[in-house]
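Here are some notes to read alongside the model on your screen. Take the points one at a time and find each part as you go.

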Amino acid sequence: MAAEDAKRTALVTGASRGIGAAVLARLAAAGLRVHGTATTAAGAAAIDARLAELGAEGSGVAFRADEEADYEALAAAVPAVDVLVCNAGVTRDGMFMRMAEDDMRAVLEVNLLAPMRLAKQYVRGMAKARFGRIIMVSSVIARLGNAGQANYAASKAGLEGLVRSLAREFGARAVTANAVAPGFIDTDMTKDVLVGDVRDRLLAQIPLGRTGAAEEVAELVAFLASDAAGYITGATLPVNGGLDMV
C-alpha cells in the first residue's frame, strides 16, 4: 500500500477471529488506523489488545448488527472511514422446507442488511473525500449454492449485487466497491466441520488440493483497499483454490 495511505482509517466488522482478524492485522501492517468490531465487549477488548501487540492505531468496538442503537454508537466511536470491510457473518443452516422464518431473517439481517446499513452510514464521507474502498466478504456459496444453506447463499449473493450497484452510483467520486468470495478457509469454524471423510471429499473438488488460509483472503482485501486497485470496482474476486471453475 502506498505511503499516502498511512493516515487512512479502516473499519473491519467481525474482526475478533478468522478472516476478520487476519484482515485487521494486514491492514494495520499496511499502516492504516484500523477499527474492528466484535459482538461482545470482551471481543472488542481482545481487538484492542491485538492492535496494541501489533503497535497499530485503532480500537475494538462492540457492535451487534441486530441492535439499532449500536449503529449510532459505532458512528460516534468511528465517525468516518476510508476503507469499509464488511466481514461479519452468521449461518443458521437447515433444509429449505424446514427452515424457520427466524433463521431466514437472522442471516439476512447480519449478512446483508448490516453491510448495506454500514455502507450507507459511511459512503457519504467517502464520496465527499473523493476516496473510498467498500469491500464485502461474500462466499463461494453465493455462486455454487449449497443444500441446507439457502438463507446464507441468498445473503451472500445479495452482497455481490450490492457492490455492483454501489460501484455504479459512486464511481464518479472515486469510491470503489468490490466483493471477495472465499472458498473453504481454515478458521475455527471450518476446523470443527471439515473433518475426516468430509474434508477428504471437499479437497478432491479443489484443484489446488487444499483449504485456504485467512491470510490469503486478507492479502486480497489489502490490495483492494490500496491505491493500486483504484481501477477495480463492481467485481467479485474469488479466493477458493479453483473450486468454482466451470
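1. Start with β1 and β2, which run parallel and are joined by four bridges. Within this pairing, alanine 10 has valine 34 of β2 as its bridge partner. Strands here are DSSP runs of E with at least two residues, helices are runs of H or I with at least four, and both are numbered from the N terminus. This is a predicted model, where local features need pLDDT of at least 70 and side-chain atom pairs count only at pLDDT 80 or more, while totals for chains, interfaces and linings use all residues. Residues are numbered from 1 along each chain as its sequence is written, and side-chain values use heavy atoms, with hydrogens and water left out.

2. Stay on β1 and look at its side chains. In a regular strand they alternate between the two faces of the sheet. Thr9 and Leu11 point one way from β1, while Ala10 and Val12 point the other way. Are these residues of β1 buried or exposed? All are buried, where buried means under 20% relative accessible area, exposed means over 50%, and partly exposed lies in between (1.4 Å probe, protein chains only).

3. Another pair to find is β4 (residues 83-86) and β5 (residues 132-137), which run parallel with four bridges between them. Here valine 85 has isoleucine 135 of β5 as its bridge partner.

4. Axes are lines fitted to C-alpha atoms, for helices over the stretch in contact, and angles run from 0 to 180 degrees between N-to-C directions.

5. Next, which residues make the contact between α1 and α2? The axes of α1 (residues 18-29) and α2 (residues 41-54) come within 11 Å and cross at roughly 35°. Leu24, Ala25 and Ala28 of α1 meet Ile47, Arg50, Leu51 and Leu54 of α2, contact meaning heavy atoms within 4.5 Å.

6. Leaving aside residues up to four places away in sequence, valine 23 touches Val12, Val85, Ala218 and Val221.

7. Finally, check two backbone angles. Most residues other than glycine have a negative phi. Arginine 130, in the loop between α4 and β5, has a positive phi of about 55°. Alanine 174, in the loop between α6 (150-170) and β6, has a positive phi near 60°. Arginine 130 counts as partly exposed because its relative accessibility is 47%, and alanine 174 counts as partly exposed because its value is 36%.

Methods. Pairing = 2+ DSSP bridges.
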